[in-house]
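Here is a short report on aromatic rings and how they pair. Look through the model first, then read on.

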Amino acid sequence: MTDCIVIGGGLIGMFTARELARSGARVTLLERGALGRESSWAGGGILSPLYPWRFPDPVNELALWSQRHYADLAATLHDETGIDPQWYPCGLLILDPAEPEAVNPWQARFADRAEWLDGRATAATEPALAPDRAGPALWLPSIANIRNPRLLKAL
């Protein structure tokens with residue numbers, strides 16, 4: 001049996017420790033404070049960078065991988081622990097998609113589904129918007145979020 005030390009008790013450290021333990025290693029997780037606090041606790045849980053076309057390809061590749069696997073991970077953790085991480089496929093509506101010249105190439109490479117909406121379609125997608133905000137928008141329906149505090153507790 002291999003002994004491993006994982007330094008950092010945020011999401012990445014906890015995921016790493018979990019996978020090492022699942023592979024048969026004995027894991028010690030070191031964190032200076034409480035596990036899962038700091039930025040992991042405070043994160044919004046959105047499984048995509050906002051304005052993803054502004055990020056390098058490796059970030060988008062990781063986000064796309066996460067979007068495809070988090071539903072199964074959340075279900076597995078729920079089954080194993082009884083704690084529901086509350087993975088929710090909510091979509092992402094970007095109201096002022098600046099840089100359309102950058103969005104289109106990003107969309108062709110990374111977005112499995114992305115739709116440009118006119119004002120009427122934007123209002124239909126999010127009826128709670130103020131009328132003056134229901135202009136052109138970019139809709140990414142496959143984006144999901146997860147409740148970080150519950151995910152951390154399940155881990």
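## Aromatic pairs

A search of the whole structure finds three aromatic pairs. Rings of Phe, Tyr and Trp (its six-membered ring) pair if their centres lie within 6.5 Å; planes under 30 degrees apart count as stacked, over 60 as edge-to-face and the rest as tilted. The model is predicted: local features need pLDDT of at least 70, side-chain atom pairs count only at pLDDT 80 or more, and totals for chains, interfaces and linings use all residues. Residues are numbered from 1 along each chain as its sequence is written, and side-chain values use heavy atoms, leaving out hydrogens and water.

Two of the pairs are listed here.

| Pair | Centre distance | Plane angle | Class |
|---|---|---|---|
| F15 and Y70 | 6.2 Å | 80° | edge-to-face |
| W53 and W106 | 5.9 Å | 65° | edge-to-face |

F15 lies in helix 1 (residues 11-22) and Y70 in helix 3 (residues 57-81), so their pair ties together parts 55 residues apart in sequence. Helices (H or I, at least four residues) are DSSP runs, numbered from the N terminus. F15 is buried, at 18% relative accessible area. Y70 is buried too, at 12%. Buried means under 20% relative accessible area (1.4 Å probe, protein chains only).

W53 sits in the loop between helix 2 (39-42) and helix 3, and W106 in helix 4 (residues 100-110), so this pair joins parts 53 residues apart in sequence. W53 is buried at 9% relative accessibility. W106 is buried at 7%.

Ring pairs also link Y51, W53 and W106 into a cluster.

Methods:
Helices (H or I, at least four residues) and strands (E, at least two) are DSSP runs, numbered from the N terminus. Buried means under 20% relative accessible area, exposed over 50%, partly exposed in between (1.4 Å probe, protein chains only).
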